[in-house]
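Student: I would like to go through this model term by term and hear what each label rests on.
Tutor: Ask about each label in turn, and the answer will set the value against the definition.

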Amino acid sequence: MAPPGVNPNVPHSARIYDYWLGGKDNFAVDRAVGEAMMKAIPGMRYMAGENRKFVHRAARDLVAKEGIRQFLDIGTGIPTRPNLHEIAQQIAPETRVVYVDNDPIVLVHARALMISSEEGRSEYISADIRHPQDILSEPVLQETLDLTRPVGLTLIAILMLLADEDAPWDLVAQLRDAMPSGSVLALTHPTADFNPAEVDQAVAAATGAGMTLVPRSKEQVVRFFGDWELLEPGLVPVSGWRPDTPVDNPEAAYYWAGVARKP
C-alpha cells in the first residue's frame with residue numbers, strides 16, 4: 001500500500017532510481033519507465049551506481065580535506081547505505097546533515113534509516129527545490145545547520161528534473177547566495193555530450209511518461225557553480241572525479257560531476 005500522498009500510478013524519479021540500484025521501494029509504473037530508459041541506455045544501472053560512488057567520494061573528501069562538518073542534501077532520494085551522513089560521520093562524528101526531498105516514500109525511509117551518530121545530527125525536510133526560500137527558512141534546517149559556518153550543498157542528479165522554464169540556474173543561485181564563505185557545492189547532472197542518440201531515447205521514454213528530464217551540456221552545467229572556484233579535477237565525467245581506482249572509460253556514465261568552493 002502506498003503511503004499518504006503517493007500516487008502509485010505516477011512515476012517518480014526517486015523510485016525509478018531506487019529500481020536501478022536494485023531497491024524494492026518502487027511501483028510497477030516506476031519499473032516500467034525505468035525499463036524503458038534502460039532499453040534506451042543499457043548502462044543505466046551502472047550510471048546510477050557511479051553516481052552513488054561519487055556521493056561517497058565527495059562526502060569523504062569534503063569532510064577530510066575541506067573541513068566540512070555540515071551538509072544540505074537536496075534531492076536525497078530513497079536512502080541507500082551508506083548514506084551521506086554515515087560516510088561523513090565515520091570521519092567526523094559531529095557532522096550534521098539535513099536531507100531534502102518531495103517524495104513521501106523518502107520521508108518514510110528517512111525516519112527509519114537516517115539515524116545519526118550521538119555527536120552529530122541527521123534531519124529530513126519534505127520540500128521542493130523549486131522553492132529554495134522555503135527550504136532555507138525551514139525551522140528544522142535553522143535548528144540543525146549553522147549558516148554562518150561552511151556548508152556542503154549537494155545537488156545529486158536532481159537538476160535535470162527542472163525545465164529551463166523553471167529557471168534552474170536562478171534557483172541554484174539562491175541556494176549558493178545563502179551559503180557562507182568556504183561552503184562547497186557538489187553536483188552531478190546527466191548529459192547528452194557523450195552519447196546523444198541514447199540519451200535522446202531515454203528522454204523520450206521519460207517525457208512520454210509525463211516526467212521532466214533535461215540533459216545539459218558541460219557549458220550549461222558549469223553555470224550552476226556561478227563564481228565559485230571549481231576544485232580539482234574540475235567538471236569531469238562522474239566516474240573520473242577523484243576515482244579510488246583508475247577508470248578505463250569515464251564517459252561510459254553520462255553525467256558531469258564537480259565540486260566548487262565559495263570564495
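Student: What makes the space of about 210 Å³ a pocket?
Tutor: On a 1 Å grid over the protein atoms alone, a pocket is an open set of points with protein on both sides within 12 Å along at least five of seven lines, whereas a cavity is a set where a 1.4 Å probe fits but cannot get out. The second largest pocket holds about 210 Å³, a volume taken as the space filled by probe spheres set on the points, with grid points joined across faces, edges and corners. This is a predicted model, where local features need pLDDT of at least 70 and side-chain atom pairs pLDDT 80 or more, while totals for chains, interfaces and linings use all residues. Residues are numbered from 1 along each chain as its sequence is written, and side-chain values use heavy atoms, with hydrogens and water left out.

Student: Which residues line the second largest pocket, and what puts a residue in the lining?
Tutor: A lining residue has an atom within 4 Å of a point. The lining has 13 residues, and Lys 53, Arg 57, Pro 243, Asp 244 and Thr 245 are the closest to the centre. Helix α3 gives the largest share, six residues; helices (H or I, at least four residues) and strands (E, at least two) are DSSP runs numbered from the N terminus.

Student: How many residues of each class are in that lining?
Tutor: Five are nonpolar, three polar and five charged. Ala, Val, Leu, Ile, Met, Phe, Trp, Tyr, Cys and Pro count as nonpolar, Asp, Glu, Lys and Arg as charged, and the others, Gly among them, as polar.

Student: Why is Trp 241 called buried?
Tutor: Buried means under 20% relative accessible area, exposed over 50% and partly exposed in between, with a 1.4 Å probe and protein chains only. Trp 241 is at 0%, so it counts as buried. Trp 241 lies in the loop between β7 and β8.

Student: What does Trp 241 touch?
Tutor: Contact means heavy atoms within 4.5 Å. Not counting residues up to four places away in sequence, Trp 241 touches several residues, including Phe 54, Arg 57, Ala 58 and Asp 61. Trp 241 and Arg 57 are 184 residues apart in sequence, yet 8.4 Å apart in space, C-alpha to C-alpha.

Student: What makes a set of residues a nonpolar core?
Tutor: The members are buried Ala, Val, Leu, Ile, Met, Phe, Trp, Tyr and Cys residues joined through side-chain atoms within 4.5 Å. The largest such core has 88 residues, and Phe 54 and Leu 72 are among those with the most contacts inside it. Helix α3 (residues 44-64) supplies the largest share of this core, nine residues.

Student: Why is β1 described as largely enclosed?
Tutor: Five of the five residues of β1 are buried, so the rest of the structure largely encloses this strand. Gln 70, Leu 72 and Ile 74 are buried on one side, and Phe 71 and Asp 73 on the other.

Student: How do you know that β1 and β2 pair?
Tutor: Two strands pair if DSSP finds at least two bridges between them. Five bridges join β1 to β2 (residues 96-101), and the two run parallel. Leu 72 has Val 98 as its bridge partner in β2.

Student: Which strands pair with β8?
Tutor: Seven bridges join β5 to β8, antiparallel. Strand β6 (residues 229-230) pairs with β8 over two bridges, in the antiparallel sense. Two bridges also join β7 (residues 236-237) to β8, again antiparallel. Strand β8 (residues 255-261) is mostly covered, with six of its seven residues buried.
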